[in-house]
Amino acid sequence: VNDSRENLKRTAEFLLSEQIRYEQLNLLPYHDTGREKYGHLDRSYEGEGFQTPDREQMEKQKEYLESLGIGPVIIGG
């Protein structure tokens, strides 16, 4: 959903420029676990077009963030 290179770069720049301290950065793959809740709330689910990234995609995002000086990066949470 928000894993474009531009978004990842801006996130890294923010963390570095603001000197934000963190123990680790978790990359969380998209999932639709809460999808059924929308029906109970009488709302439409707007995530139909989203897909869960595969492990290879997540590894590429992790490597990219690390190349920008962010780390440790953990896939999952």
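Two residues are in contact when heavy atoms lie within 4.5 Å of each other; with that in hand, welcome to the close-ups. The model is predicted, so local features need pLDDT of at least 70 and side-chain atom pairs count only at pLDDT 80 or more, while totals for chains, interfaces and linings use all residues. Residues are numbered from 1 along each chain as its sequence is written, and side-chain values use heavy atoms, with hydrogens and water left out.

**View 1. Leu27 and its contacts.**
Leaving out residues up to four places away in sequence, Leu27 touches Met58, Gln61, Lys62, Leu65, Val73, Ile74, Ile75 and Gly76. Gln61 is buried, with a relative accessible area of 12%. Here buried means under 20% relative accessible area, exposed means over 50%, and partly exposed is in between, with a 1.4 Å probe and protein chains only. Besides Leu27, Gln61 is in contact with Asp3, Arg5 and Leu8, again leaving aside neighbours within four places in sequence.

**View 2. The largest nonpolar core.**
A nonpolar core is a set of buried Ala, Val, Leu, Ile, Met, Phe, Trp, Tyr and Cys residues joined through side-chain atoms within 4.5 Å. The largest one here has 11 residues: Leu8, Ala12, Leu15, Leu25, Leu27, Met58, Tyr64, Leu65, Ile70, Val73 and Ile75. At least two residues of this core come from each of helix H1 (5–17), strand S1 (25–27), helix H3 (55–67) and strand S2 (73–75). As background, nonpolar side chains in soluble globular proteins tend to be buried together.

**View 3. Helix H1 and its buried side.**
Which residues of H1 are buried? They are Leu8, Ala12 and Leu15. These residues cover an arc of only 65 degrees around the axis, so they sit on the same side of H1; the arc is that of the directions from the helix axis to the C-beta atoms. A handy reminder: an α-helix has 3.6 residues a turn, so residues three or four places apart point the same way. S1 and H3 are included in what covers the buried residues of H1. On the face turned away from the buried side, look for the exposed residues Arg10 and Ser17. Glu13 also has its place in helix H1, and at 43% relative accessibility Glu13 counts as partly exposed. Between Glu13 and Leu28 there are 19 Å in space, C-alpha to C-alpha, and the two are 15 residues apart in sequence. As for length, the 13 residues of H1 should span 18 Å at 1.5 Å a residue, and the end C-alpha atoms are 18 Å apart, which agrees; the expected span is 1.5 Å times one less than the number of residues.

**View 4. Ile75 in strand S2.**
Ile75 lies in strand S2 and counts as buried at 19% relative accessibility. Leaving aside neighbours within four places in sequence, Ile75 is in contact with Leu27, Arg55, Met58, Glu59 and Lys62. Although Ile75 and Leu28 are 47 residues apart in sequence, their C-alpha atoms are 6.3 Å apart in space.

**View 5. Tyrosine rings.**
How many aromatic pairs does the structure hold? There is one aromatic pair. The ring centres of Tyr38 and Tyr45 are 5.2 Å apart and the planes are at 75 degrees, so the pair is edge-to-face. Rings of Phe, Tyr and Trp (its six-membered ring) pair if their centres lie within 6.5 Å; planes under 30 degrees apart count as stacked, over 60 as edge-to-face and the rest as tilted. Tyr38 counts as partly exposed, at 32% relative accessibility, whereas Tyr45 is buried, at 17%. At another ring, Arg5 lies over the face of Tyr64, 4.1 Å from the ring centre. A charge sits over a ring if NZ of Lys or CZ of Arg is within 6 Å of the ring centre and within 35 degrees of the ring normal.

**View 6. Backbone details in the loops.**
Gln19, in the loop between H1 and S1, has a phi near 50 degrees, a positive value in a residue other than glycine. Gln19 is exposed, with a relative accessible area of 67%. Asp42 is not a glycine either, yet has a positive phi of about 60 degrees; its place is in the loop between helix H2 (35–40) and H3. Asp42 is exposed, at 74% relative accessible area. In the loop between H3 and S2 you will find Pro72, and the peptide bond from Gly71 to Pro72 is cis, with omega near -5 degrees.

Key: Helices (H or I, at least four residues) and strands (E, at least two) are DSSP runs, numbered from the N terminus.
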